[in-house]
Amino acid sequence: MTTDQEAVIVKKDYAKNPSGNIKLMPGFPSTSSKPINIFCDFDGPIVDVSDRYYSTYHQALTDTAQFYRALSSQRSTDLDFPLKLTILSKAQFWHMKQNRVPDLEIAHQSGLGAEEVDFFRQRVVEIVNSSDLLPLDKLQPGVDWALNLLRSQGTKLILVTLRDRDEAVEFLERHGLKQLFAGIYGTTNSQAAYQNYAQVKTQLLEQAMREHQITQMDADWSWMIGDTEADILAGRAMEIPTIGLTCGIRSERQLSQLQPTLIKTDLLCAAHYLVGINSLQTCG
(Lines give C-alpha, C1' and ligand atoms only; values in the text may rest on other atoms or scores of the structure.)
Protein backbone atom coordinates (compact mmCIF):
# COMPACT_ATOMS: atom_id res chain seq x y z
CA MET A 1 0.00 0.00 0.00
CA THR A 2 1.38 3.41 -0.93
CA THR A 3 1.49 6.46 1.31
CA ASP A 4 -1.13 8.16 -0.86
CA GLN A 5 -3.44 5.16 -0.40
CA GLU A 6 -2.91 5.30 3.35
CA ALA A 7 -3.74 8.99 3.29
CA VAL A 8 -7.00 8.20 1.50
CA ILE A 9 -7.91 5.62 4.17
CA VAL A 10 -7.31 7.92 7.11
CA LYS A 11 -8.97 10.85 5.36
CA LYS A 12 -12.07 8.71 4.85
CA ASP A 13 -12.05 8.04 8.59
CA TYR A 14 -11.69 11.76 9.18
CA ALA A 15 -14.68 12.46 6.93
CA LYS A 16 -16.76 10.19 9.19
CA ASN A 17 -15.52 12.09 12.22
CA PRO A 18 -15.21 15.74 11.12
CA SER A 19 -15.24 17.11 14.67
CA GLY A 20 -11.57 16.26 14.93
CA ASN A 21 -12.02 13.90 17.91
CA ILE A 22 -9.72 11.17 16.68
CA LYS A 23 -10.33 7.68 18.01
CA LEU A 24 -7.07 5.83 18.51
CA MET A 25 -6.65 2.13 17.89
CA PRO A 26 -6.98 -0.21 20.91
CA GLY A 27 -3.78 -0.65 22.86
CA PHE A 28 -2.40 2.83 22.29
CA PRO A 29 -2.43 5.54 24.96
CA SER A 30 -4.91 8.37 24.46
CA THR A 31 -2.36 10.96 25.51
CA SER A 32 1.40 11.20 25.83
CA SER A 33 2.96 11.37 29.27
CA LYS A 34 4.01 14.88 28.36
CA PRO A 35 2.72 17.05 25.48
CA ILE A 36 5.02 17.30 22.49
CA ASN A 37 6.07 20.63 21.01
CA ILE A 38 6.27 20.51 17.23
CA PHE A 39 7.80 23.28 15.17
CA CYS A 40 6.73 22.66 11.59
CA ASP A 41 7.84 24.20 8.33
CA PHE A 42 5.19 25.34 5.84
CA ASP A 43 6.41 24.82 2.26
CA GLY A 44 7.04 21.11 1.78
CA PRO A 45 5.56 19.51 4.91
CA ILE A 46 2.18 21.28 4.63
CA VAL A 47 2.13 22.82 1.15
CA ASP A 48 3.04 21.23 -2.15
CA VAL A 49 4.85 23.97 -4.09
CA SER A 50 5.99 21.80 -7.00
CA ASP A 51 3.40 23.11 -9.48
CA ARG A 52 4.24 26.72 -8.65
CA TYR A 53 7.98 26.20 -8.91
CA TYR A 54 7.65 24.36 -12.23
CA SER A 55 5.33 27.01 -13.63
CA THR A 56 7.82 29.66 -12.50
CA TYR A 57 10.58 27.86 -14.40
CA HIS A 58 8.42 27.44 -17.50
CA GLN A 59 7.24 31.05 -17.55
CA ALA A 60 10.70 32.48 -16.85
CA LEU A 61 12.15 30.38 -19.66
CA THR A 62 9.43 31.55 -22.06
CA ASP A 63 9.91 35.20 -21.04
CA THR A 64 13.66 34.89 -21.56
CA ALA A 65 13.20 33.46 -25.04
CA GLN A 66 10.75 36.19 -26.01
CA PHE A 67 13.06 38.93 -24.71
CA TYR A 68 16.15 37.71 -26.57
CA ARG A 69 14.29 36.94 -29.77
CA ALA A 70 12.96 40.50 -29.74
CA LEU A 71 16.46 41.75 -29.00
CA SER A 72 18.04 39.71 -31.78
CA SER A 73 15.58 41.11 -34.33
CA GLN A 74 16.90 44.59 -33.53
CA ARG A 75 20.53 43.59 -34.10
CA SER A 76 22.45 43.21 -37.33
CA THR A 77 22.26 39.76 -38.93
CA ASP A 78 25.81 38.78 -37.93
CA LEU A 79 24.84 39.15 -34.26
CA ASP A 80 21.60 37.24 -34.59
CA PHE A 81 21.31 34.16 -32.32
CA PRO A 82 17.99 32.29 -32.22
CA LEU A 83 17.46 30.41 -28.95
CA LYS A 84 16.96 26.66 -29.11
CA LEU A 85 15.23 25.77 -25.88
CA THR A 86 14.77 22.39 -24.26
CA ILE A 87 11.89 22.66 -21.83
CA LEU A 88 12.32 20.12 -19.04
CA SER A 89 9.35 18.02 -17.97
CA LYS A 90 8.00 18.62 -14.49
CA ALA A 91 9.46 15.29 -13.34
CA GLN A 92 12.91 16.24 -14.67
CA PHE A 93 12.74 19.71 -13.17
CA TRP A 94 11.55 18.54 -9.75
CA HIS A 95 14.18 15.81 -9.59
CA MET A 96 16.82 18.49 -10.15
CA LYS A 97 15.34 20.77 -7.47
CA GLN A 98 15.16 17.92 -4.96
CA ASN A 99 18.82 17.16 -5.61
CA ARG A 100 19.95 20.77 -5.28
CA VAL A 101 20.83 21.34 -8.92
CA PRO A 102 21.36 25.14 -9.11
CA ASP A 103 19.10 27.32 -11.24
CA LEU A 104 22.20 28.14 -13.28
CA GLU A 105 22.59 24.50 -14.32
CA ILE A 106 18.85 24.11 -14.91
CA ALA A 107 19.03 27.13 -17.23
CA HIS A 108 22.00 25.70 -19.14
CA GLN A 109 20.28 22.32 -19.57
CA SER A 110 17.24 24.18 -20.91
CA GLY A 111 19.31 25.69 -23.71
CA LEU A 112 20.19 29.12 -22.34
CA GLY A 113 23.62 30.57 -22.93
CA ALA A 114 25.71 32.69 -20.58
CA GLU A 115 24.13 35.94 -21.74
CA GLU A 116 20.57 34.76 -21.17
CA VAL A 117 21.03 33.00 -17.82
CA ASP A 118 21.13 36.16 -15.70
CA PHE A 119 17.87 37.38 -17.23
CA PHE A 120 16.26 33.99 -16.58
CA ARG A 121 17.38 33.82 -12.94
CA GLN A 122 16.20 37.35 -12.27
CA ARG A 123 12.86 36.57 -13.87
CA VAL A 124 12.46 33.52 -11.59
CA VAL A 125 12.96 35.69 -8.51
CA GLU A 126 10.50 38.29 -9.82
CA ILE A 127 7.60 35.93 -10.49
CA VAL A 128 7.95 32.96 -8.09
CA ASN A 129 5.73 34.66 -5.48
CA SER A 130 3.48 36.52 -7.91
CA SER A 131 -0.28 36.60 -7.41
CA ASP A 132 -0.66 34.66 -10.67
CA LEU A 133 1.39 31.69 -9.44
CA LEU A 134 0.70 31.49 -5.69
CA PRO A 135 -2.75 29.91 -6.26
CA LEU A 136 -0.94 26.86 -7.68
CA ASP A 137 0.13 25.88 -4.16
CA LYS A 138 -1.91 23.00 -2.76
CA LEU A 139 -2.24 21.08 0.48
CA GLN A 140 -0.07 17.98 0.77
CA PRO A 141 -2.05 14.71 1.04
CA GLY A 142 -3.03 13.79 4.59
CA VAL A 143 -1.98 17.06 6.19
CA ASP A 144 -5.39 17.90 7.67
CA TRP A 145 -5.56 14.46 9.27
CA ALA A 146 -1.95 14.66 10.52
CA LEU A 147 -2.44 18.03 12.19
CA ASN A 148 -5.73 17.02 13.82
CA LEU A 149 -4.15 13.77 15.01
CA LEU A 150 -1.30 15.65 16.65
CA ARG A 151 -3.61 18.21 18.26
CA SER A 152 -5.84 15.43 19.62
CA GLN A 153 -2.84 14.25 21.64
CA GLY A 154 -2.30 17.66 23.21
CA THR A 155 0.59 18.52 20.93
CA LYS A 156 1.52 22.18 20.69
CA LEU A 157 1.88 23.00 16.99
CA ILE A 158 3.94 26.02 16.02
CA LEU A 159 4.50 27.02 12.40
CA VAL A 160 7.99 28.32 11.61
CA THR A 161 8.35 29.31 7.98
CA LEU A 162 10.48 31.45 5.72
CA ARG A 163 7.35 32.21 3.72
CA ASP A 164 5.73 35.62 4.10
CA ARG A 165 3.65 35.23 7.27
CA ASP A 166 0.54 36.81 5.78
CA GLU A 167 0.65 34.35 2.86
CA ALA A 168 0.93 31.41 5.25
CA VAL A 169 -1.93 32.66 7.44
CA GLU A 170 -4.19 33.21 4.41
CA PHE A 171 -3.50 29.70 3.11
CA LEU A 172 -4.15 28.07 6.50
CA GLU A 173 -7.36 30.02 6.99
CA ARG A 174 -8.57 29.03 3.54
CA HIS A 175 -8.08 25.37 4.42
CA GLY A 176 -9.50 25.64 7.94
CA LEU A 177 -6.19 24.84 9.65
CA LYS A 178 -5.07 28.09 11.26
CA GLN A 179 -6.80 27.39 14.58
CA LEU A 180 -4.67 24.26 15.07
CA PHE A 181 -1.49 26.30 15.53
CA ALA A 182 -0.49 27.89 18.83
CA GLY A 183 1.82 30.25 16.98
CA ILE A 184 2.71 31.23 13.42
CA TYR A 185 6.16 32.66 12.72
CA GLY A 186 7.12 33.88 9.26
CA THR A 187 8.91 36.65 7.44
CA THR A 188 8.04 39.84 5.60
CA ASN A 189 10.53 38.94 2.85
CA SER A 190 8.78 37.31 -0.09
CA GLN A 191 12.11 35.87 -1.32
CA ALA A 192 13.25 34.27 1.94
CA ALA A 193 11.50 30.94 1.31
CA TYR A 194 12.82 30.50 -2.24
CA GLN A 195 16.35 31.43 -1.14
CA ASN A 196 16.10 29.08 1.88
CA TYR A 197 17.93 31.29 4.38
CA ALA A 198 19.07 28.99 7.21
CA GLN A 199 20.10 31.84 9.51
CA VAL A 200 16.67 33.46 9.26
CA LYS A 201 14.96 30.11 10.00
CA THR A 202 17.15 29.68 13.08
CA GLN A 203 16.23 33.16 14.32
CA LEU A 204 12.53 32.44 13.84
CA LEU A 205 12.80 29.11 15.66
CA GLU A 206 14.68 30.77 18.52
CA GLN A 207 11.97 33.45 18.77
CA ALA A 208 9.21 30.84 18.77
CA MET A 209 10.88 28.82 21.52
CA ARG A 210 11.47 31.91 23.64
CA GLU A 211 7.94 33.26 23.32
CA HIS A 212 6.40 29.87 24.08
CA GLN A 213 8.81 29.30 26.97
CA ILE A 214 10.28 26.16 25.48
CA THR A 215 13.87 25.63 26.59
CA GLN A 216 16.60 23.06 25.92
CA MET A 217 15.24 21.24 28.98
CA ASP A 218 12.20 20.47 26.82
CA ALA A 219 14.34 19.13 23.97
CA ASP A 220 13.23 15.53 24.47
CA TRP A 221 9.64 16.67 23.92
CA SER A 222 10.28 19.04 21.02
CA TRP A 223 10.76 18.43 17.31
CA MET A 224 11.55 20.49 14.24
CA ILE A 225 9.89 19.10 11.09
CA GLY A 226 10.91 20.32 7.66
CA ASP A 227 12.17 19.44 4.21
CA THR A 228 15.27 21.60 3.68
CA GLU A 229 18.72 22.38 5.00
CA ALA A 230 17.36 25.45 6.78
CA ASP A 231 14.98 23.33 8.87
CA ILE A 232 17.53 20.72 9.90
CA LEU A 233 20.24 23.29 10.64
CA ALA A 234 17.84 25.44 12.68
CA GLY A 235 16.73 22.47 14.79
CA ARG A 236 20.33 21.45 15.35
CA ALA A 237 21.28 25.00 16.34
CA MET A 238 18.52 25.03 18.95
CA GLU A 239 19.46 21.51 20.10
CA ILE A 240 16.15 19.84 19.36
CA PRO A 241 15.63 16.64 17.31
CA THR A 242 14.64 16.98 13.68
CA ILE A 243 12.52 15.10 11.14
CA GLY A 244 13.29 15.54 7.46
CA LEU A 245 10.40 14.93 5.06
CA THR A 246 10.99 13.69 1.52
CA CYS A 247 7.66 15.04 0.17
CA GLY A 248 9.20 18.49 -0.22
CA ILE A 249 12.04 20.04 -2.15
CA ARG A 250 14.85 17.75 -1.02
CA SER A 251 15.38 14.09 -1.84
CA GLU A 252 16.08 11.44 0.77
CA ARG A 253 19.71 11.37 -0.34
CA GLN A 254 20.08 15.11 0.20
CA LEU A 255 18.35 14.96 3.59
CA SER A 256 20.52 12.02 4.68
CA GLN A 257 23.62 14.14 4.21
CA LEU A 258 22.24 16.58 6.78
CA GLN A 259 21.79 13.77 9.32
CA PRO A 260 18.39 14.66 10.78
CA THR A 261 17.21 12.58 13.71
CA LEU A 262 14.66 10.84 11.48
CA ILE A 263 13.57 10.85 7.85
CA LYS A 264 9.90 10.29 6.99
CA THR A 265 8.01 10.45 3.74
CA ASP A 266 5.42 13.04 4.78
CA LEU A 267 3.74 14.79 7.71
CA LEU A 268 1.17 12.02 8.15
CA CYS A 269 3.88 9.39 8.66
CA ALA A 270 5.73 11.72 11.04
CA ALA A 271 2.53 12.30 13.02
CA HIS A 272 1.89 8.57 13.38
CA TYR A 273 5.44 8.07 14.59
CA LEU A 274 5.25 10.90 17.11
CA VAL A 275 2.02 9.75 18.73
CA GLY A 276 3.20 6.15 18.79
CA ILE A 277 0.87 4.75 16.16
CA ASN A 278 2.96 2.38 14.08
CA SER A 279 0.19 0.48 12.33
CA LEU A 280 1.01 1.97 8.91
CA GLN A 281 4.08 -0.16 8.32
CA THR A 282 4.79 1.26 4.88
CA CYS A 283 5.36 4.76 6.22
CA GLY A 284 9.04 5.45 5.70
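The structure is a predicted model, in which local features need pLDDT of at least 70, side-chain atom pairs count only at pLDDT 80 or more, and totals for chains, interfaces and linings use all residues. Residues are numbered from 1 along each chain as its sequence is written, and side-chain values use heavy atoms, with hydrogens and water left out.

The secondary structure of the protein chain comes to twelve helices and eight strands. Helices (H or I, at least four residues) and strands (E, at least two) are DSSP runs, numbered from the N terminus. The chain has 284 residues, of which 51% count as buried. Buried means under 20% relative accessible area, exposed means over 50%, and partly exposed lies in between (1.4 Å probe, protein chains only).

Helix H2 spans residues 50-73 and packs against helix H5, residues 114-127. The angle is about 135 degrees, and the axes are 9 Å apart. Axes are lines fitted to C-alpha atoms, for helices over the stretch in contact, and angles run from 0 to 180 degrees between N-to-C directions. H2 and H5 are therefore oblique to each other. Angles under 35 degrees count as roughly parallel, over 145 as roughly antiparallel, 65 to 115 as roughly perpendicular and the rest as oblique. The crossing of H2 and H5 is right-handed. A crossing has this hand if the near helix is turned clockwise from the far one by less than a right angle, and is left-handed if anticlockwise. On the H2 side, the contact includes Thr 56, Tyr 57, Ala 60, Leu 61, Phe 67 and Tyr 68. On the H5 side, Phe 119, Phe 120, Arg 123, Val 124 and Ile 127 are among the partners. By class, the contact of H2 with H5 has nine nonpolar, three polar and four charged residues. Here Ala, Val, Leu, Ile, Met, Phe, Trp, Tyr, Cys and Pro count as nonpolar, Asp, Glu, Lys and Arg as charged, and the others, Gly among them, as polar.

H2 also packs against helix H3, residues 90-98. The angle is about 105 degrees, with the axes 10 Å apart. H2 and H3 are therefore roughly perpendicular to each other. Ser 50, Asp 51, Tyr 53, Tyr 54 and Tyr 57 in H2 meet Lys 90, Phe 93, Trp 94 and Lys 97 in H3. These residues divide into five nonpolar, one polar and three charged.

Another helix pair is formed by H9 (residues 198-211) and H10. Their angle is about 45 degrees, and their axes lie 8 Å apart. H9 and H10 are therefore oblique to each other, and their crossing is right-handed. H9 contributes Ala 198, Lys 201, Thr 202 and Leu 205, while H10 contributes Ala 230, Asp 231, Leu 233, Ala 234, Gly 235 and Ala 237. The contact of H9 with H10 has six nonpolar, two polar and two charged residues.

Ala 234 lies in H10, which covers residues 229-237. Ala 234 is buried, with a relative accessible area of 0%. Leaving aside residues up to four places away in sequence, Ala 234 touches Lys 201, Thr 202 and Leu 205. Ala 234 and Val 200 are 34 residues apart in sequence, with their C-alpha atoms 8.8 Å apart.

Helix H6 (residues 143-152) is largely enclosed by the rest of the structure, because eight of its ten residues are buried. The buried residues of H6 are Val 143, Asp 144, Trp 145, Ala 146, Leu 147, Asn 148, Leu 149 and Leu 150. Just after H6, Gly 154 takes a positive phi of about 80 degrees.

Asn 129 lies in the loop between H5 and strand S3 (138-139). Asn 129 is buried, at 15% relative accessible area. Glu 167 is 38 residues from Asn 129 along the chain, and their C-alpha atoms are separated by 9.8 Å.

A search of the whole structure finds zero disulfides, a disulfide being a pair of cysteine sulfur atoms within 2.5 Å. For Cys 40, the nearest cysteine sulfur is that of Cys 247, 9.2 Å away. That separation is too far for a bond. Cys 40 is buried, with a relative accessible area of 2%, whereas Cys 247 counts as partly exposed at 22%.

Conventions. Contact means heavy atoms within 4.5 Å.
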